[in-house]
Amino acid sequence: MDLLRFATAGSVDDGKSTLIGRLLLDSKAIFEDQLEAVEATSKTRGYDYTDLALLTDGLRSEREQGITIDVAYRYFATPRRKFIIADTPGHVQYTRNMVTGASTADLGLVLVDARQGLTEQSRRHAVLLSLLRVPHLVLAVNKMDLVDYDQEVFERIRQEFVTFTQRLNVPDLAVIPLSALKGDNVVTRSEHMPWYEGSSLMHHLENVHIASDRDLRDVRFPVQYVVRPKSDDYHDYRGYAGRVASGVLKPGDEVMVLPSGLTSRIAGIDVFDREVGEAFPPMSVVVRLEDDLDVSRGDMICRVKNAPEPTQDVDAMVCWMTREPLRPRQKLAIKHTTRGARALVKDIQYRLDINSLHRDTETRELGLNEIGRVTLRTTQQLLVDPYEQNRTTGSFILIDEATGNTVGAGMIN
Amino acid sequence: MQTPADYRLSHLDELESESIHIFREVVAELERPVLMFSGGKDSIVMLRLAEKAFHPARLPFPLLQVDTGLDFPEVLATRDAWVERLGANLVVASVEEAIATGIVVDDGKTSRNRMQTATLLDAIETNGFTAAFGGGRRDEEKARAKERVYSHRDDFGQWDPKNQRPELWSLYNGRLHEGEHMRVFPLSNWTELDIWHYIARERVEIPSIYFAHRRRVFERDGMLLTESPHNPCRDGEVVAERTVRFRTVGDLTLTGCVESAASTLEEIVEEVAVARVTERGATRGDDRFSEAAMEDRKKEGYF
């Protein structure tokens, strides 16, 4: 059994909460006491049906306002896979939340109402998922029951979406007609849509091929922590702990440590009390080297002829996440892999309109929930790859040094 | 020739790797971490992951236990066995002592569990801990579903759900001001079933009360509570011996058990897999006070 993380996008009106409620219910991730609480609340509110959306309503302040303010994580499992859903609200602060939810996702699920067709919001969600390089995309055309399960309605929406995504970077797209309320094509294939030959949503989630999404070629091992027991039993032990970002490491491999550029060979790779023959993403391991080099947190172990670029000039797409706008000359803290530095905003090249994909080069600042292309100068070299090649060594966060808050997310060009 | 499919981790290995990454990140970036250890299954899994994260070195932080004076003796025994095996440093913060010194007021109505919060915050402050690992999981309860891995607390130890830092990729932001601290939840993405699968796989010691045993119990508010001088029976409550086990461990006056014959880890996994009621709904009096009970306690600074 492996793990698939997916992000959902859409508003209550698209039936997103109902769909998630159904996935949880049908995979038995909802317990009787939770269902009873939701049934009771539905009754108190005078609904004549059990509002499955209540299952995913989190905090009281949200329930009172009837909105979702933040990314919520949900869990379910089938015999084939464990799933983690990053459930992001479609309206308030959608960009900040969607970017957060999508940053770790293997798959993005966009919902549309069959009666409405594609909206500005669904296009926006697709743009953000492609910007975050979520490798798999599903468009769920919901409420098919309300359009008499009409193939033409579905085909029109599907065609329009396929055309739209040709302008984006979407390596894998599936379009599924369904009814979350009636359960059509959610877990089992619908009898109402014999014209649809694809799989149900659950079947697709269980079988979508994610094994090839990871880069097994370019070795990137950001050193997180140096393990030095200094005990009698392990007097000379010195290991470099970290999580493999990409590539496969094996004992005996010749490696280079950046930024020093010194080379050595891998003496051994430890996972707790046993040695392993290889390490691959996303394993957390301890790497020992044959030579006694000066390696510390923030360094990167890679191959001699395949290394990231050390640079102090970072060109990236930045999503801005706080009210006070981002402006040139601003100074921020930056965290990239296990390395921290300070960064100066040199230029905002353009602001990307995520509805029209238009580049506004006139802008001098980025506001809350806006995305733009930014150049930064850092106080220390960062060891970077383009985000489209590596989601770990290509991403960073920006931190306001006064408040300590995370204020921006960057994807390196 | 190996294919990409050969380089897949199982879901348990992936969760383990993520948690180990979190432990190392905190130790590398925050000055005085501590692990909140209750002796329950979640804190034992945390301890196992911490052991793996720093092997062959010893744990680079102490354990903190809030002693309510109402803990199950079996749980304390397991705690001591773990502390001894790992050579770990244990700090005990006692609710009794906090009452005696006036940090906590026992008005006779507040449960020990709630008084734990004040005791805990005092222990964090007096020891100068800047990061406290907790065993909370997002699947436990609705208010937890939006909790961050790094949960920032102000200088009153409080949680503000509307003012959390966005958390992207696996880039955690550990910045703190003087007096603030971070709660860190390495088990955020684990479910109850994952915890049991992992305990069964790792064969680690857990308190014996998780396994089926004969116990003298009585029924209160639909829960089976253990007979104890700390928890005298009220009118009409009848003590009887039954075969039970606990799904969670906490204050023994509030933690109920369930009738069960599961006496091995495999049998527990099987039972949890088909359970139809959440662990907290079934056996935790402290979470039942109101629909938003957990949300309120978290805001005050609970685990």
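Two strands are taken as paired if DSSP finds at least two bridges between them. Strands (E, at least two residues) and helices (H or I, at least four) are DSSP runs, numbered from the N terminus. The model is predicted: local features need pLDDT of at least 70, side-chain atom pairs count only at pLDDT 80 or more, and totals for chains, interfaces and linings use all residues. Residues are numbered from 1 along each chain as its sequence is written, chains are lettered from A and ligands numbered from 1 in the order in which they are written, and side-chain values use heavy atoms, without hydrogens and water.

In chain B, L35(B) stands opposite L63(B) in β2(B). Strand β1 (residues 33-36) of chain B pairs with strand β2 (residues 63-67) of chain B over two bridges, in the parallel sense. Both strands belong to an open sheet of six, ordered β3-β2-β1-β4-β6-β5 (chain B), with mixed pairing. Its edges are β3 (90-94) and β5 (150-153) of chain B, each pairing on one side only. Neighbouring strands of the sheet are turned by 30° against each other on average, direction ignored. Axes here are lines fitted to C-alpha atoms, for helices over the stretch in contact; angles run from 0 to 180 degrees between N-to-C directions.

Rings of Phe, Tyr and Trp (its six-membered ring) pair if their centres lie within 6.5 Å; planes under 30 degrees apart count as stacked, over 60 as edge-to-face and the rest as tilted. One edge-to-face pair is F154(A) with Y196(A), at 6.3 Å centre to centre and 80° between the planes. This pair links distant parts of the chain, 42 residues apart: F154(A) lies in helix α6 (residues 151-165) of chain A, and Y196(A) in the loop between β6 (172-177) and α7 (201-207) of chain A. F154(A) counts as buried because its relative accessibility is 3%. Y196(A) is also buried, at 8%. The classes are buried under 20% relative accessible area, exposed over 50% and partly exposed in between (1.4 Å probe, protein chains only).

Y234(A) and Y237(A) form another edge-to-face pair, at 5.9 Å centre to centre and 85° between the planes. Y234(A) is partly exposed at 32% relative accessibility, whereas Y237(A) is buried at 12%. One aromatic cluster comprises Y225(A), F23(B), F54(B), F61(B) and F133(B).

Charges also sit over rings (NZ of Lys or CZ of Arg within 6 Å of the ring centre and within 35 degrees of the ring normal). The charged end of R138(B) is placed over the ring of Y73(A), 4.1 Å from its centre. R123(A) lies over the face of F164(A), 5.9 Å from the ring centre.
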